[in-house]
Amino acid sequence: MPRKFLTTLLTVTLAAGLAACGSVEDDSAPSSGDAKADASSAFPVTVKHKFGSTKITKEPERIVVIGDGGTDDVDALYALGVTPIAVSKDAFAADGVHPWLKDRVDTEKTRLLNTMNGVDFEEVAALRPDLILATSDFTLDKNYEKLSAVAPTIGYETAWGKQTWQEHVRVVAKAVGRQEQADKAVRETEDSIAEVKAEHPGLAGRTYSLSIGNTPARIYTIASEDDFAAKLMSEVGLSLTPSVKNIKTVSGSPTGELSFEQLDKLDADLVVIAFTTPELRKAFESSALVKNMSAVKKDRYVVTDVATISQLRSPSVLGIPWALDNLETGFAKLDE
């Protein structure tokens with residue numbers, strides 16, 4: 001796959017927040033009993049979203065997930081104990097599976113679809129889905145009509161990347177009849193965030209910057225507390241370093257753009273960054289502005305991977321604990 005295309009996709013993905021979801025109107029009475037009985041008695045339901053209303057008359061059994069802009073649908077399904085028959089593959093992972101889902105996705109049960117260069121509608125139709133979840137498809141404006149002709153399709157509510165991960169889990173749960181399981185899944189992830197804060201009291205009142213280097217002579221960094229990653233980091237006690245706020249943003253998103261002459265703005269109590277190539281990392285670390293950062297001198301400069309940055313930017317119910325765990329080394333440095 002051409003590097004230019006992958007870089008473009010990565011930039012688009014990082015410039016937005018969470019892949020959005022729809023809102024649900026529950027047409028049924030409250031359910032009871034075990035999970036299977038709950039799911040069966042939860043229908044019909046109607047899901048409202050940007051592209052209309054999708055009515056689901058019975059518990060879906062053949063669910064396909066389409067979208068390269070996030071893993072919210074996929075994460076929600078597995079967190080709710082539902083196995084999809086096919087999902088869009090992770091183009092940045094060698095095996096096509098998002099790293100935090102490697103112990104959950106069984107490729108003998110779930111086909112990995114290559115949707116990076118567009119959706120193969122005939123391939124999707126051949127799977128005979130009875131529900132398509134496509135809230136993470138940032139090209140859904142073009143794809144919705146064809147997908148909905150194959151099976152009932154749920155799109156994002158108003159725009160791609162606007163809903164919280166909690167809202168997303170609950171919408172998917174309504175769509176598959178697992179509302180009670182949704183409350184448990186959300187609570188467990190929220191507890192994992194609270195646990196990180198409790199284990200690292202040194203994070204309280206400290207600052208951070210969170211960035212990615214995927215373009216020569218440019219660094220893209222979070223520049224607003226409205227970013228989903230900023231909100232997540234605030235839950236563990238950290239605040240965005242003031243020096244990156246109100247810098248030039250990318251298409252009005254919470255992502256700021258810095259030239260190499262501005263790299264000193266990234267300095268904070270904790271500096272976290274990922275690079276898409278070793279060459280980009282070498283160029284960044286060769287800068288005198290980087291070498292003189294207080295975070296570098298105090299060994300509070302952390303290089304992570306692109307998947308971690310992407311997950312923080314578009315947090316999902318199963319990915320959040322994984323991403324926070326990957327920052328454990330950096331968090332521990334602030335406790336010293």
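Figure 1. With a relative accessibility of 47%, Asp299 counts as partly exposed; buried means under 20% relative accessible area, exposed over 50%, and partly exposed in between, for a 1.4 Å probe and protein chains only. The model is predicted, so that local features need pLDDT of at least 70 and side-chain atom pairs count only at pLDDT 80 or more, whereas totals for chains, interfaces and linings use all residues. Residues are numbered from 1 along each chain as its sequence is written, and side-chain values use heavy atoms, with hydrogens and water left out. Asp299 is found in the loop between helix H11 (294–297) and strand E14 (301–304); helices (H or I, at least four residues) and strands (E, at least two) are DSSP runs, numbered from the N terminus. Although Asp299 is not a glycine, its phi is positive, at about 60 degrees. Most residues other than glycine have a negative phi.

**Figure 2. Arg128 in the loop between H4 and E7.** This loop runs between helix H4 (121–126) and strand E7 (131–133). Arg128, a residue other than glycine, has a positive phi near 55 degrees. Arg128 is exposed, its relative accessible area being 58%.

**Figure 3. The cis peptide bond between Phe43 and Pro44.** Omega of this bond is about 5 degrees. Pro44 is placed in the loop between helix H2 (35–41) and strand E2 (45–49). Most peptide bonds are trans.

**Figure 4. Packing of helix H6 against helix H7.** H6 (residues 165–176) and H7 (residues 179–199) pack at an angle of about 160 degrees, and their axes are 8 Å apart. Axes are lines fitted to C-alpha atoms, for helices over the stretch in contact, and angles run from 0 to 180 degrees between N-to-C directions. H6 is therefore roughly antiparallel to H7; angles under 35 degrees count as roughly parallel, over 145 as roughly antiparallel, 65 to 115 as roughly perpendicular and the rest as oblique. From H6, the contact (heavy atoms within 4.5 Å) involves Trp165, Gln166, Val169, Arg170, Ala173 and Lys174. From H7, the contact involves Gln179, Ala182, Asp183, Val186, Thr189, Glu190 and Ile193. The contact residues of H6 and H7 comprise 6 nonpolar, 3 polar and 4 charged; Ala, Val, Leu, Ile, Met, Phe, Trp, Tyr, Cys and Pro count as nonpolar, Asp, Glu, Lys and Arg as charged, and the others, Gly among them, as polar.

**Figure 5. Packing of helix H12 against helix H13.** The axes of H12 (residues 306–313) and H13 (residues 319–326) lie 9 Å apart, and the two helices pack at an angle of about 130 degrees. H12 and H13 are therefore oblique to each other. Ala307, Thr308, Gln311 and Leu312 of H12 make the contact with Gly319, Ile320, Trp322, Ala323, Leu324 and Asn326 of H13. These contact residues divide into 6 nonpolar, 4 polar and no charged.

Figure 6. Asp73 is buried, with 1% relative accessible area. Leaving aside residues up to four places away in sequence, Asp73 touches Val65, Leu133, Ala134, Thr135, Ser136, His168 and Val172. The C-alpha atoms of Asp73 and Trp165 are separated by 9.8 Å, with the two residues 92 residues apart along the chain. Trp165 also takes part in the contact of H6 with H7.
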